[in-house]
Amino acid sequence: MAHLLRTSFVAGSSPSLRRRPFLQSPFHPRRRSLQPQATIREIFMPALSSTMTEGKIVSWIKTEGDKLAKGESVVVVESDKADMDVETFYDGYLAAIMVDEGGVAPVGSAIAFLAETEDEISEAKSRAANVSSGSSPSAPPPEKIPENVGAAAAPVPVVKPASVVVASTHPASEGGKRIVASPYAKKLAKELNVELGAVLGTGPSGRIVAKDVEAAASTAVLKSDAARSVSAPGSGVQPPPSLELGTTVPFSTMQGAVNRNMVESLAVPTFRVGYTITTGALDALYKKIKSKGVTMTALLAKATALALAKHPVVNSSCRDGKSFTYNSSINIAVAVAIDGGLITPVLQDADKVDIYSLSRKWKELVDKARAKQLQPQEYNTGTFTLSNLGMFGVGRFDAILPPGTGAIMAVGASIPTVVGTKDGRIGKKNQMQVNVTADHRVIYGSDLATFLQTLAKIIEDPKGLTL
């Protein structure tokens with residue numbers, strides 16, 4: 001669901017940005033001024049999640065001078081979790097953009113002006129200029145390129161305030177082929193010598209945005225560097241050219257959110273319990289139904305949800321330090337690594353959804369997560385979290401408890417293991433290690449022990465997962 005721009009006037013805003021009341025004449029008490037008043041509204045940076053404090057402009061879907069209709073998407077904003085289309089509450093004209101693509105603005109600050117009529121655009125631009133000159137700009141200062149730069153250094157794009165452009169046709173057009181790209185993406189493409197026709201857009205409706213151009217430029221440099229390394233025998237392994245060793249890189253919006261959550265989790269008293277589970281029957285089931293689109297992640301989420309249904313305290317959560325909640329739904333959040341951070345898409349009501357629907361839903365969530373298109377309810381409603389590094393061959397690890405949840409389970413790889421059988425012989429079984437980190441204010445050792453026993457029984461006899 002797209003989010004709406006809050007463009008109404010704020011009581012504390014300056015007088016120049018508020019509607020002025022009509023003043024009565026002392027000689028004619030009932031006569032009011034008939035001069036029309038300009039209706040110019042600020043477009044604010046919206047709060048797209050409960051943890052969002054600032055947002056980054058990914059791309060402006062509309063350009064200055066474009067006519068807007070209520071409910072129409074205007075801008076794509078990167079929150080701490082995803083990229084989202086933002087819509088307008090009002091009809092009007094996008095009069096002035098105050099934060100360019102790539103710029104960052106605090107939640108609630110003005111990022112553009114909306115004029116009600118075309119005649120008010122010039123006044124809105126004047127107000128925007130006054131605001132920009134009178135207060136610190138929301139976007140970070142442009143990065144300057146040193147005058148003496150070695151030939152080996154990669155060009156650094158200079159972010160300049162965009163000049164006012166009123167375009168009659170928004171999409172770019174090259175070589176007779178219609179290419180939809182943001183103005184800043186087109187500018188970057190020229191600076192980095194990137195052909196837009198070869199770039200895959202990740203913006204709304206496949207629109208090419210700045211990060212797509214940067215990624216294409218980086219890929220081209222990597223390929224060029226790899227070709228040079230092949231043609232130069234005996235050369236040592238070099239770091240990727242896009243990574244300059246010794247430099248300090250600020251957190252991205254998502255990395256900043258992960259940072260805050262991890263620090264917050266340190267205030268929760270946690271403990272850990274590990275358990276070994278035999279996976280032979282689960283592996284056999286997976287091979288049998290894999291061709292039907294079933295994923296191992298969905299099988300693990302389903303097994304976990306069924307075990308949680310029998311141990312509701314492990315699915316509970318403590319948020320205020322004074323009480324805890326037995327959550328009415330079992331929503332399994334699963335950690336997914338994406339470019340620039342980590343996010344936890346949620347399989348809602350995992351205990352009630354059949355394994356085939358759950359697998360389809362999981363694929364949909366992963367695709368949306370990697371495109372940074374998840375909606376808040378798709379990543380912030382988890383009641384229990386899974387983190388699976390088994391696919392990388394990791395045998396055992398511990399996970400950090402996400403704030404506001406009761407437990408997280410780290411899942412290792414299924415590994416052939418030599419074991420002792422009941423009759424005293426030596427045998428081989430596929431086994432995996434799981435380690436649960438839990439909030440000790442709510443969940444105790446015996447709670448986790450019995451939960452893990454139930455989970456092991458479900459995984460070792462998984463017929464119920466396909467019902």
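Me: How many helices and strands are there in the protein chain?
Reply: The protein chain has eight helices and 20 strands. Keep in mind that this is a predicted model. Of its 467 residues, 40% count as buried.

Me: What is the confidence like along the protein chain?
Reply: The mean pLDDT is 77, and 75% of the residues reach 70 or more. Helix H8 (residues 445-460) has the highest confidence, at a mean of 97, while strand E10 (residues 172-174) has the lowest, at 41. Two stretches stay under 50: residues 4-35, for which the model has 50 contacts beyond four places in sequence, and residues 224-237, for which it has two such contacts.

Me: Why is Thr454 called buried?
Reply: Its relative accessibility is 15%, and buried means under 20%, so Thr454 counts as buried. This residue sits in helix H8. Leaving aside neighbours within four places in sequence, Thr454 is in contact with Ala307, Lys310 and His311.

Me: What makes the pair Thr454 and His311 a polar contact?
Reply: Their side chains are joined at 2.7 Å, and the cut-off for a pair of N or O atoms is 3.5 Å. The value is within that limit, so the pair qualifies.

Me: Which class do Asp349 and Lys372 fall into, buried or partly exposed?
Reply: One of each. Asp349 has 27% relative accessibility, so it is partly exposed, whereas Lys372 has a relative accessible area of 13%, so it is buried. Asp349 has a positive phi of about 50° without being a glycine, and Lys372, also other than glycine, has a positive phi near 60°. As for location, Asp349 lies in the loop between strand E16 (346-347) and helix H7 (355-370), and Lys372 lies in the loop between H7 and strand E17 (384-388).

Me: How do you know that E12 and strand E20 pair?
Reply: Pairing requires at least two bridges. Nine bridges join E12 to strand E20 (residues 426-439), so the two strands pair, and they run antiparallel. Within this pairing, Arg272 stands opposite Thr437.

Me: Which other strands are joined to E20 in the antiparallel sense?
Reply: Strand E18 (residues 407-411) is joined to E20 by five bridges, with Val411 opposite Val434. Strand E19 (residues 415-420) pairs with E20 over six bridges, and there Thr417 stands opposite Lys429. E19 and E20 form a hairpin with five residues between them, and Gly424 in the turn has a positive phi of about 85°.

Me: What makes strand E2 and strand E4 edge strands?
Reply: The open sheet has four strands in the order E2-E9-E7-E4, with antiparallel pairing. Strand E2 (40-44) and strand E4 (67-68) each pair on one side only. Elsewhere in the sheet, strand E7 (residues 92-97) is joined to strand E9 (residues 110-115) by four bridges, and Ala96 stands opposite Phe113.

Me: Which residues have the most contacts inside the largest nonpolar core?
Reply: Ile332, Phe384, Leu386 and Met409 do, in a core of 72 residues. Helix H6 (residues 296-310) gives the most to this core, with eight residues. Domain 1 (40-130) and domain 3 (268-460) each supply at least three residues. Phe384 touches residues beyond four places in sequence that include Leu308, Ile332, Met409 and Phe451. A second, separate core has 14 residues, among them Leu188, Ala210, Val213 and Ala217.

Key
Residues numbered from 1 in each chain as written. Predicted model: local features only at pLDDT ≥ 70, side-chain atom pairs only at ≥ 80, totals over all residues. Heavy atoms only, no water. pLDDT = per-residue confidence, 0-100. Contact = heavy atoms within 4.5 Å. Core = buried A, V, L, I, M, F, W, Y, C linked by side-chain atoms within 4.5 Å. Buried < 20%, exposed > 50% of the residue type's maximum accessible area, 1.4 Å probe, protein only. Domains from an automatic or database assignment. Polar contact = N/O pair within 3.5 Å; in protein donor to acceptor, adjacent residues only side chain to side chain.
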